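Biologist: Hi! Could you walk me through this model, starting with the charged pairs and then moving to the cores?

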Amino acid sequence: MTDNKTVSKKKESNVIPFDVASLEADAGLGLQNVTQEDLALPFLKILTAESAETIGGEARGGDIHNSVTQEVFKGDVGIKVIPCLYQRRYIEWAPQGTQGAPLNIYTPKDKADKTMPKTEQRGKDDRTDYIVGSENYLENTAHHYVVVVDDDGRMETGLITMKKTALKKSKGWNSMMNSRIEMGKEGPFIAPSFRYRYHLTTEKAKNDKGQWNTWKIILDGPVLNFDEKGNLEDPKDLEIYNFCKAFAESIEEGSVIVKHESDEVAAEKDAGEAPF
């Protein structure tokens, strides 16, 4: 007859205690030689039916895809993100099928200084901004740099680009962020974009030219929560806030490199935005 107490003691002896602080002490080991040139900032994109097929599994058109981790989030469930920084960019592409990476990326300052090439639209139904005297074209693109926070508190940086009809969604989101007014010691002020968290899902949109999936953006709540006495309810919230602030500062400093690679171009053409 087996002695249950003896078996139990043997199993307990195989348990190895581990202090999580030891793991934290090893933070970054093995990655100390990785620079920004060795990293790819994840693009968070809406899948079409065609792009979902290339990913496989249970991915469907309207789902959200992380280009680095290859994670797929159901469109009706969505993701929670904290917007850290917004940029407007004008990206120059060669004609489709001839060039996989951007030829140039211009800023609003380039446009104001008139150092950005002049563009024109050709044909009644073609709204593409072709560069005058060239077959290359510019795409007016909104860049929303975000931090994705899951239910376990895990954070991951990412980039959401919006163009064409999705620019309306971008303007709406910017307006939502710009309207978050708070009261300070010196009066009302516009809260930092990373003061609040947003819930992004997808929804159908259509016009006289077709139907596609687009973003649906609603306010989810504050990143920092205070009690009646003005004290921070959870110190971890401040860590998230500071992480987002540092991410925004690194983008402004030019430390974050956005790599529009050849496979990204094909995906962008197919990323749930209206193809016109």
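**Salt bridges, cores and a patch**

Modeller: A salt bridge here is a side-chain nitrogen of Lys or Arg within 4 Å of a carboxyl oxygen of Asp or Glu. This is a predicted model, where local features need pLDDT of at least 70 and side-chain atom pairs count only at pLDDT 80 or more, while totals for chains, interfaces and linings use all residues. Residues are numbered from 1 along each chain as its sequence is written, and side-chain values use heavy atoms, with hydrogens and water left out.

Biologist: How many salt bridges does a search of the whole structure find?

Modeller: It finds 12 salt bridges. One of them joins E139 and K163, with the closest N and O atoms 3.1 Å apart. E139 lies in strand 8 and K163 in strand 9, so this pair ties together parts that are 24 residues apart in sequence. Strands (E, at least two residues) and helices (H or I, at least four) are DSSP runs, numbered from the N terminus.

Biologist: And are E139 and K163 buried or exposed?

Modeller: Both are buried.

Biologist: Which residues share partners in a network?

Modeller: Start with E156 and R154, which form a salt bridge at 3.7 Å, N to O. E156 is buried at 17% relative accessibility, whereas R154 is partly exposed at 44%. Salt bridges with shared partners join E71, D150, R154 and E156 into one network.

Biologist: New topic! Which residues have the most contacts inside the largest nonpolar core?

Modeller: Those are M162, W173, L200 and W215, in a core of 20 residues. A nonpolar core is a set of buried Ala, Val, Leu, Ile, Met, Phe, Trp, Tyr and Cys residues joined through side-chain atoms within 4.5 Å. Elements giving two or more residues to this core include strand 4 (79-93), helix 5 (167-178) and strand 13 (210-222). Another core, of 19 residues, lies apart from it, with F43, C84, V149 and I251 among them.

Biologist: Nice. Where is E239 found?

Modeller: E239 is in helix 6 (residues 235-252). E239 is exposed, with a relative accessible area of 55%.

Notes. Buried < 20%, exposed > 50% of the residue type's maximum accessible area, 1.4 Å probe, protein only.
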